[in-house]
Amino acid sequence: MASGMAKPQPGTQPASAEGADRLRVIIADSQAIFRVGIRKVLALEDDLRVVAQAENLVQTLSAVTKFPADVLLFESRLSSNAPEAASELLKRAPGLKIIVITADADADQTVEYLRRGVKGIVTRSIAPDLLVRCVRKVAEGETWLDNRGVNWVIEAYRSQAAQLTSPRPKNRLSDKELLIVSCVSQGMRNKEIAQQVGTTEQVIKNYLRKVYDKLGVSDRLELALYCIHHRLMDKVAGVPDVTASAADSPPAANGASTKVQ
């Protein structure tokens, strides 16, 4: 199909009062034979009906907007960044439950899919009866993963917990970084910290990005939690005033702080 507009295809069932209680499914897959196969499998079930099909990402985005559905069967190869595509699909249809069909997902992809809101991950080799069961379970609000996927998610959570509770590595942050973290923990904004340290707001942002990378956190809240768990601020008492050592040159004669470059 050359057009980017998703349309009901032969074998799909238009919405009607008679089928209002059925679970509505959209099939998005690049291979026509696979779409036909899934459609025939679902057609055998009285409580399931296919409302639309798509063969590329553009059609899929159109379909989820135009045809109200409960579940989307989405082939991962329809996008070079399937997790990001899932986020976009859910923006257009927040109530949609997405099941990703993949050749073979790895641990990182599995965790990222779930983080983006995907509710199920299956391989193309899934048995027809399991696919039907998966659609029903996901429509009910459950998450569907195989045993390997479950283990990956558990390990990801264990790793995250270990990062928060493991002993804090020594000397990971410089004195300047510790002082800035201390200011953040006191609720100071970047502009206020810049005035305190004697530098610019952009320099503070650059420092914070480095701190986030070093500690493995993503925002101020996670940084605050990290500080609490690791008692990071216990070390700040011994940190010298960076306003006096922010640059290689000594402070100005009038006592003004030299700016961090």
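Q: What makes up the surroundings of Thr-60, not counting residues up to four places away in sequence?
A: Thr-60 touches Ala-28, Ala-54, Leu-72, Phe-74, Leu-78 and Leu-89, where contact means heavy atoms within 4.5 Å. Thr-60 itself lies in helix 2. This is a predicted model, in which local features need pLDDT of at least 70, side-chain atom pairs count only at pLDDT 80 or more, and totals for chains, interfaces and linings use all residues. Residues are numbered from 1 along each chain as its sequence is written, and side-chain values use heavy atoms, with hydrogens and water left out.

Q: Why is Thr-60 called buried?
A: Buried means under 20% relative accessible area, exposed means over 50%, and partly exposed lies in between (1.4 Å probe, protein chains only). Thr-60 has 0% relative accessibility, so Thr-60 counts as buried.

Q: Is Val-58 buried or exposed, and how do you know?
A: Val-58 also has its place in helix 2 (residues 57–66). Its relative accessibility is 52%, so Val-58 counts as exposed.

Q: What makes Ser-76 count as buried?
A: Ser-76 sits in the loop between strand 3 (71–75) and helix 3 (82–92). With 10% relative accessibility, Ser-76 counts as buried. Leaving aside residues up to four places away in sequence, Ser-76 touches Ala-82, Val-100, Ile-101, Thr-102 and Tyr-113.

Q: How many helices and strands does the protein chain have?
A: There are 10 helices and five strands, taken as DSSP runs numbered from the N terminus (helices: H or I, at least four residues; strands: E, at least two). Of the 261 residues in the protein chain, 41% are buried. Among contacts with a separation of 6 or more, 67% join residues 24 or more positions apart.

Q: Why is helix 7 called oblique to helix 8?
A: Helix 7 (residues 175–185) and helix 8 (residues 190–197) pack at about 135°, with their axes 10 Å apart. That angle makes helix 7 oblique to helix 8: under 35 degrees counts as roughly parallel, over 145 as roughly antiparallel, 65 to 115 as roughly perpendicular, and the rest as oblique. Axes are lines fitted to C-alpha atoms, for helices over the stretch in contact, and angles run from 0 to 180 degrees between N-to-C directions.

Q: What meets what between helix 7 and helix 8?
A: Ile-180, Cys-183 and Val-184 of helix 7 meet Ile-193, Gln-196 and Val-197 of helix 8. By class, this contact of helix 7 with helix 8 has five nonpolar, one polar and no charged residues.

Q: How do you know how helix 7 and helix 9 lie to each other?
A: The axes of helix 7 and helix 9 (residues 201–215) come within 10 Å and cross at roughly 95°. The two helices are therefore roughly perpendicular. Lys-176, Glu-177, Ile-180, Val-181 and Val-184 of helix 7 make the contact with Ile-204, Tyr-207, Leu-208, Lys-210, Val-211 and Lys-214 of helix 9. By class, it has seven nonpolar, no polar and four charged residues.

Q: Why are the buried residues of helix 10 said to line one face?
A: In helix 10 (residues 220–230), the residues Leu-223, Tyr-226, Cys-227 and His-230 are buried. Seen down the axis of helix 10, they fall within an arc of 100°, so they line one face. An α-helix has 3.6 residues a turn, so residues three or four places apart point the same way. The face of helix 10 turned away from its buried side carries the exposed residues Leu-221 and Ile-228.

Conventions: Ala, Val, Leu, Ile, Met, Phe, Trp, Tyr, Cys and Pro count as nonpolar, Asp, Glu, Lys and Arg as charged, and the others, Gly among them, as polar. The arc is that of the directions from the helix axis to the C-beta atoms.
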